[in-house]
Amino acid sequence: MRNNAAVWAIVRNELRRRKLYLLWWSVGIIALVGLTVLAYGSVRDQAAELNKAFGSLSSSISSFVGTGDMFSPAGYLNSQLYFITLPILFILLSVTLSSSLLNKEESRHTLELLLARPVSRSGVLAAKAISGSIIVAILGAVTAITVALCALAVHIDIPIGYILLTSLAMLLFSGAFGALAFMLFAASQVTRRLAVVVAILVSFGGYILTSLAGMVHGLAWVAKLFPYHYYDPGAILTGKLSAGLVLYIAAIYIGAMVVATIGFRRRDIQ
Amino acid sequence: MPQDLRSGIIKSDMTASIVTNRLTKRYAHTSKPALDNVSLKVEAGEVYGFLGANGAGKSTTIRTLLNFIQPTSGSAQILGEDIVRDSVAVKRHVGYLSGEVALYEKMTGKQFLAYMAELQPLKDKSYLPELMKRFGADPHKPLGELSKGNRQKFGLIQAVMHQPEVLILDEPTSGLDPLMQEEFFRLIRESKERGASVFVSSHNFAEVQRMCDRIGFIRDGKLVSEQTLADLASKASHTFTLTFADSVPLHELNRLPHASLTTHDEHHVTLSMEGELTPLFRVLSNHHVTRLEQQEVNLEQQFMRFYREAGDEK
């Protein structure tokens, strides 16, 4: 019971400390997402012509933007937001955030203040993971609500439920790389920079591999090892959520937390 | 001490607050252990000073006791609970001050202490305002804007505010002005009076002498000696300045065991002597001594000598 109270005290403190961070990220997301979705109003009427013109582009280009249909409502949201832009934003957010949650406390030696109190290492780790998840979830909610409201404003004909589901999938997909960085820092004594670099390499390396897999025959099986292979926001916007993505994401979160907990409980605090 | 420093075995004792048994910490890629078979025992209500040069292993011992780093071998218990297995239970009874006080820079003192109290509730809520008043700590300024001494005050307050049974303090007076150091010594006496044990590391002998019942000296990761202050005083050399009405009886004084002489002139001599003083007074009784002055016993010098000898033997 006492450990739980301490965990929530750490969570509250972390959220208090990151109020401004949360505010500025929210402002940035609202501006970026709002402007992108509202811009659909100016291309909607020429969607058919534009799709025809862009349809002549090679399949390699299509694979990099996630779709050959870039101007239908679902194609627009997919190509302009959910396939690259938002994942890049949220991968950077979750990787840098999750790697700093423990790193900041450890490098400034305030982690000792926490661990000198009757709170277990796994309790501290859980508190940090919960704090990071809440921050990312709030920003995910800001994103989803902004997309939904702006989509209504420019009459994008996609059910709100599908927009919310796609936002959730994007959030969980991007957050998985944050979980990877969190695990690397918590379980081992790699530097924060190295944890960030590895997580970013896996995410963007996976994106490039998945994009190239359609053109380079031998890469198809390698691409299956990376989460981007299972991430298809265009399909989710039409209500089709792949079981592979759900399983992959669940496996990464569970695996990352298990490894982080085991490693963090055993390693020396610097 | 009921222990053999060389074998390093200490039997568990119900009255001991801190017991370490052959505690060893070896870091990867280093040939010498940072902590080498350290066995010690701190009794309930005892103030134990842990002295050593920088890098001797004081902080490593403390960080191991707090389970910030894990021992490579050996074990330790605080109030009978294992420092690794029962780490959370141990910390219910421990107050800790780190050598380099790290605080949350943007928090005010009040916010910081409230946060610490959330993590470990206070037994007596009136004690915190009392401590704040005694140390003259400013609760409204962000901690990052405070001087080293004022930050140290908050470090100390957070360590003692929940009135722990065991206090583990790493260089606690660092940065404190003399008035605050006095307040700190008072706090240690009070903690001792209510039965708390204090394990305090320092490289300042004078500070340790002020508050400790017993002193352990660590060198190159090894506990090289443990002494009570009384032991040290009894082994310390006594220094006298003697004035004779006639000439100094150099021949007789030189024959005294464990004595060394410095003559100033025909009538004055300074004599340092270890152990039994009877032979000296036997010599003096045969002469006309007009003045005898004893210099204060320098325990620090004695301890340093003992430390060097013990280290060389090891």
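**Walking through the model**

Guide: Start with chain A, which has 14 helices and 0 strands. This is a predicted model.

Visitor: How do the elements of chain A run from the N terminus on?
Guide: They read α-α-α-α-α-α-α-α-α-α-α-α-α-α. The radius of gyration of chain A is 20 Å, close to the 18 Å that the globule rule gives for 270 residues, so chain A is as compact as a globular protein of that length.

Visitor: What does the C-alpha trace of chain A span along its principal axes?
Guide: About 65 × 45 × 30 Å. Of the 270 residues in chain A, 44% are buried.

Visitor: And contacts in chain A, how many join residues at least 24 apart?
Guide: 74%, counting contacts between residues at least 6 apart in sequence.

Visitor: What pLDDT does chain A average?
Guide: The average is 87, and 91% of the residues score at least 70.

Visitor: Which element of chain A has the lowest mean pLDDT, and which the highest?
Guide: Helix H5 of chain A, residues 59-65, is the lowest at 59. Helix H9 of chain A, residues 121-153, is the highest at 96.

Visitor: Switching to chain B. What domains is chain B divided into?
Guide: Domain 1 covers 16-93 + 164-232, and domain 2 covers 237-296. Taken over C-alpha atoms, the centres of these two domains of chain B are 41 Å apart.

Visitor: What is the strand order in the open sheet of chain B?
Guide: S2-S1-S4-S5, 4 strands with antiparallel pairing. Strand S2 (35-43) and strand S5 (81-82) of chain B stand at the edges. Each has a single partner strand, so one side of each is left without a neighbour in the sheet.

Visitor: How many bridges pair S4 and S5 of chain B?
Guide: There are 2 bridges, in the antiparallel sense, and S4 of chain B is residues 73-78. B:Gln77 has B:Asp82 in S5(B) as its bridge partner.

Visitor: What holds paired strands together in general?
Guide: Strands of a sheet pair through backbone hydrogen bonds, either parallel or antiparallel.

Visitor: Now the contact. How many residues come from each chain?
Guide: Chain B gives 17 residues and chain A gives 19. On the side of chain B that touches chain A, helix H2 (87-91), strand S6 (94-97) and helix H3 (109-119) of chain B each supply at least two residues. The largest share of that side, 3 residues, comes from H3(B).

Visitor: How do the residues on that side of chain B divide, by type?
Guide: Into 10 nonpolar, 3 polar and 4 charged.

Methods: Residues are numbered from 1 along each chain as its sequence is written. Chains are lettered from A and ligands numbered from 1 in the order in which they are written. This is a predicted model: local features need pLDDT of at least 70, side-chain atom pairs count only at pLDDT 80 or more; totals for chains, interfaces and linings use all residues. pLDDT is the predictor's confidence in each residue, from 0 to 100. Two residues are in contact if their C-beta atoms, placed from the backbone, lie within 7 Å. Ala, Val, Leu, Ile, Met, Phe, Trp, Tyr, Cys and Pro count as nonpolar, Asp, Glu, Lys and Arg as charged, and the others, Gly among them, as polar. Domain bounds come from an automatic or database domain assignment. Two strands pair if DSSP finds at least two bridges between them. The radius of gyration is taken over C-alpha atoms; the globule rule is 2.2 Å times the number of residues to the power 0.38. A residue is buried if 20 or more other C-beta atoms lie within 10 Å of its own, exposed if 12 or fewer, and partly exposed in between; C-beta atoms are placed from the backbone.
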